[in-house]
Amino acid sequence: MTPDSAVIAPLPIPGSLDSSDPASADFIAAVELLNDALRETWGNDDFRDAPQTQLAGFRPSSMRRRILLGARIGDELVGVAALKLPMLDNIHSAWVNVAVAPGIRRTGLGKRLYAAVEQAAAADGRRTLLGETDHPVRPGSDSGPVLAPKSGIGAIPADSAARFASDRHFELEQVERVSLLDLTGSIDWQGKLDAAAAAAGPDYALEFWQGACPEHLVDAYALLRQRMSTDAPMAGLDVEEEQWDAGRIREGEAKVREMQAEELVSAVRHVPTGQLAGHTVLMVFRSNPAVAFQDDTLVLEKHRGHGLGMLLKAANLVRLRQELSAASRVWTWNAAENVHMLAINEELGFEPVGYSGEWQKVL
């Protein structure tokens, strides 16, 4: 059988990964195909998700639901397309991801998978599609032609992933720098934390939690999460402000636990008012405890200029070494135009290892 004969159809999300569920084998195969694509791109398994983690992510919630399509030749799954659909806000948009097995590429199957997932998004009333391409920096490689985003800042290689997005009429809106921190290095994060705390002064105090935000801080934390949805540089991406409250915080924390992850949050409290002025988040999946991922970092505008970004990030790195000591490296993503946060990361020891292209298509 040939790629032209591949059958594309929705893959049901299993209730469990038990072999008694007929959908579990297909779901596990889809997860492995996605994992293999990331390993091929980055040359490691740092982004590998356990099937149980992906299953928890694909289960619907009030915040989002997901659609999974598979391409099959005979009994073999040779391609997948995933669609993430926000349900509370940004309901005009959808996030798209397509992966094809190496031996089947450049046969037109990726185009067919994308066409099917775009049709599913349109049928759900989504008018804006968003996607991301990854572009590692490989030592000694020829940079070759590059693409600049509409933001005008940064660039990505004009490689096969970028061409696929361009050929589907996506526009490159923004470039993010991908950075990696070696936690086994010699940088004195406690010293940087002490210096940042002295610079911030007595009006700011650190708060920490792992897993669940303290009840007395949850409303203030919800405000930070809401502001994070639009305060980070977004270039021309069609993203609306998210609406967060205590219920959404608790649902998100439950989803993290279901995905078998640990979440470390450092926040800074403005002592005179008692309000939270900023926060930062690190996440570690139990299936891959050596790898941490830097998530949100935000300081509210009226509290900027006191070095709180450095205070927050240094504090969470110190806590990471104390609480989840198996972690040996941290990945983070920052918009190329976010020079302030990039400078903080560089001072903390992060080094650039690649770039991500943020793409958008209006249907």
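These notebook entries record what I looked up in the predicted model above.

**Entry 1: ground rules.** I note that the model is predicted, that local features need pLDDT of at least 70, that side-chain atom pairs count only at pLDDT 80 or more, and that totals for chains, interfaces and linings use all residues. Residues are numbered from 1 along each chain as its sequence is written, and side-chain values use heavy atoms, with hydrogens and water left out.

Entry 2: I found Asn-90 in the loop between strand 3 (76-86) and strand 4 (93-100); helices (H or I, at least four residues) and strands (E, at least two) are DSSP runs, numbered from the N terminus. Asn-90 is buried, at 6% relative accessible area. Buried means under 20% relative accessible area, exposed over 50%, and partly exposed in between (1.4 Å probe, protein chains only).

I then turned to Arg-106, also not a glycine, with a positive phi of about 60°. Arg-106 sits in the loop between strand 4 and helix 3 (109-123) and is exposed, at 73%.

**Entry 3: nonpolar cores.** A nonpolar core is a set of buried Ala, Val, Leu, Ile, Met, Phe, Trp, Tyr and Cys residues joined through side-chain atoms within 4.5 Å. In the largest one, of 30 residues, I list Leu-183, Leu-308, Leu-317, Leu-320, Val-330 and Leu-348 as touching the most other members. Helix 8 (308-323) is among the elements that each supply at least two residues, and its 9 residues are the largest share. Apart from this core lies another, of 28 residues, including Leu-83 and Val-96.
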